[in-house]
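The following paragraphs lead the reader through a predicted model. Please keep the sequence and the structure in view while reading.

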Amino acid sequence: MWAYAVRRILATIPVLAIVALVVFSILHIAPGDPAGVIAGDQATEEQVQAIRSKLRLDLPFHEQFILWLTSALQGDLGISIFSNRPVMALFVQRLEPTIALAVLTTIIAVTLAVPIGVLAAWRAGTAVDRGVMSFAVLGFSFPVFVIGYVLIYIFAIKLKLLPIQGYRPLADGFWPFLRHLVLPSFALGLSFMALIARITRASMLEVLSQDHIRTVRAKGLPAWRLLFCHALPNAAVPIVTIIGVGVALLLGGVVVTESVFAIPGVGRLVVDAILHRDYPVIQGVLLIFSATYVMVNLIIDLLYVVIDPRIRY
Amino acid sequence: MTDLAPQTATETEAPARRRRGLAWNARRHPTVALGAAILLVMIVATLFAPFLTGYDPLFLDPLKRMQPPSWTHLSGTDGIGRDVWSRTIHGGRVSLVVGLVVAVLSTVIGLLIGLVSGYSRIADAILMRFMDGLMSIPAILLAIALMAVVKASITTVIVAITIVEVPRVVRLVRSVVLSIRDQAYVEAAVIVGSRFGKILFRHILPNTLAPLTVQATYICAAAILIESLLSFLGAGTPPEVPSWGNIMAEGRSYFLLAPWIIFTPGVVLAVTVLAINLMGDGLRDMLDPRFAKRL
């Protein structure tokens with residue numbers, strides 16, 4: 001078991017190294033002069049030259065990469081071209097709203113989608129099942145920003161139940177904090193919910209056809225105990241796996257959601273960086289988000305043993 | 001049941017199915033039919049956009065700013081008096097072209113890489129580590145970063161989204177190749193001395209086509225979504241070209257006064273993606289029962 005854990009942890013190092021290489025190379029695979037593109041059409045030769053030296057583009061590729069990687073490992077992601085402040089400082093400053101949004105979205109998505117998926121599997125083939133599956137297809141097809149504006153229109157503008165946009169830090173009190181996060185979390189969580197519900201249903205269907213479930217049923221246990229105490233734990237591994245995969249969806253969706261709901265988080269940092277062509281910021285966020293995704297999936301892999309005692313390494 | 005059984009079943013059914021005609025297929029697979037019908041309407045509408053709309057998508061009438069939907073302007077006008085319906089229908093061209101081209105490009109590139117990766121162990125070790133790395137980067141963010149270092153145009157948008165989607169195809173093709181590589185008939189081909197390329201293209205490639213067709217539809221839907229997201233965030237199609245994401249981005253500042261600027265392209269976008277996803281789901285059930293169980 002421990003040998004497996006160590007091997008699995010070590011196996012993430014090459015993946016992270018390749019992520020870093022890809023993230024770093026993006027600036028260099030672009031045709032033409034990336035410094036010129038970042039500086040924009042109206043830039044003077046001096047401005048282009050300044051960006052070139054700021055991004056260390058005048059050094060050979062491997063030296064640039066090693067310099068960038070060693071400073072990144074020490075928490076230095078370079079300097080923002082637009083604001084001239086360290087990217088890491090900008091990132092940390094914007095972290096609270098993004099973590100709040102991501103955590104609340106995950107909680108909402110998991111607590112709603114798993115029971116929905118279980119219900120669909122239990123009532124497979126009925127109208128309930130078809131309803132859930134239709135919802136899942138809809139959830140995949142409606143982009144975050146469209147759902148976001150529909151929710152704002154219904155709940156904030158027409159019903160006036162929730163604020164239209166913005167963010168209140170947790171320090172201002174829990175209730176205003178929550179009120180500002182409800183709509184963004186639902187908008188962001190819909191496709192995540194669709195994904196989880198679909199996998200839950202598929203995984204539950206497989207477990208429900210097994211012999212031990214028939215035995216439990218014959219014993220006369222109430223349906224909810226059969227489903228949640230006997231079937232769901234056996235169906236848990238694929239569900240937890242897909243939650244890990246969905247984190248990529250979540251981290252990408254954060255950028256769009258924060259932009260629709262004017263939440264001053266890391267996603268907004270990226271969108272502002274697009275407008276200013278502030279490449280170091282985009283690169284830094286890309287690296288941290290990708291590393292987060294890899295680490296979340298590492299933790300989930302290690303958790304398999306806890307979730308499913310049948311798994312032994 | 002062996003792996004071969006469902007495969008032979010679909011192969012023997014296929015000619016019979018073709019003889020049964022369109023109507024039979026449509027009844028048998030209503031979701032494919034519905035998806036295809038919606039998509040067909042969209043394609044025809046965008047092709048004949050100038051005849052269907054009555055307004056130039058770029059024509060602006062400052063006196064008619066933010067007009068609510070009416071008979072003269074079906075979806076109202078935007079913040080500088082352009083007809084939203086006309087812009088939405090014209091914008092569909094960008095989305096459909098991006099979706100189609102990305103689907104074809106990433107399928108072809110991913111197929112070639114995946115075949116090599118699945119068949120050669122050395123190439124596999126290197127290629128798959130690289131693909132794993134690429135897939136660890138959230139798709140939208142990777143596309144944003146790629147767009148940040150090039151000049152925005154429809155071509156660069158297509159290239160950026162293709163780079164994002166290729167690893168997903170590679171992984172699918174590779175898994176199919178791995179499951180087939182050790183089948184008896186492939187071993188037989190090796191024994192009779194078939195060349196590497198012949199084994200790959202004659203014996204292995206055909207098995208990947210069914211799952212690839214399904215994957216290509218999903219990629220088409222994903223590409224349309226990513227294009228609109230990129231444009232919405234200002235990292236996609238240049239703003240002078242009407243595209244669904246661009247129209248919505250411009251509508252943001254007028255949302256409280258003129259929500260139709262965002263809702264018209266938004267709903268059309270969602271319906272288009274829904275239609276393609278429905279087709280994908282239906283095709284998956286139709287082409288390969290083994291993949292029906294998967295996501």
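Arg277(A) counts as partly exposed because it has 18 C-beta neighbours inside 10 Å, and a residue must have 20 or more to be buried and 12 or fewer to be exposed. The residue is found in the loop between helix 13 (266–276) and helix 14 (279–307) of chain A. Most residues other than glycine have a negative phi.

Lys160(A) also has a positive phi, near 55°, and is likewise not a glycine. This lysine lies in the loop that runs between helix 8 (144–158) and helix 9 (174–208) of chain A. Lys160(A) has 9 C-beta neighbours inside 10 Å and therefore counts as exposed.

Attention now turns to chain B. Its secondary structure comprises 12 helices and 0 strands. Of the 295 residues in chain B, 47% are buried. Among the contacts in this chain with a separation of 6 or more, 71% are between residues 24 or more positions apart.

Where do the two chains meet? In the model, 40 residues of chain B are in contact with 44 residues of chain A. On the side of chain B that touches chain A, the elements giving two or more residues are helix 5 (121–135), helix 6 (139–148), helix 9 (196–233) and helix 11 (260–287) of chain B. Helix 11 of chain B gives the most to this side, with 9 residues. By residue class, the side of chain B that touches chain A consists of 29 nonpolar, 6 polar and 5 charged residues.

Methods. Residues numbered from 1 in each chain as written. Chains lettered and ligands numbered in written order. Predicted model: local features only at pLDDT ≥ 70, side-chain atom pairs only at ≥ 80, totals over all residues. Contact = placed C-beta atoms within 7 Å. Helix = DSSP H or I, 4+ residues; strand = E, 2+ residues; numbered from the N terminus. Nonpolar A, V, L, I, M, F, W, Y, C, P; charged D, E, K, R; others polar.
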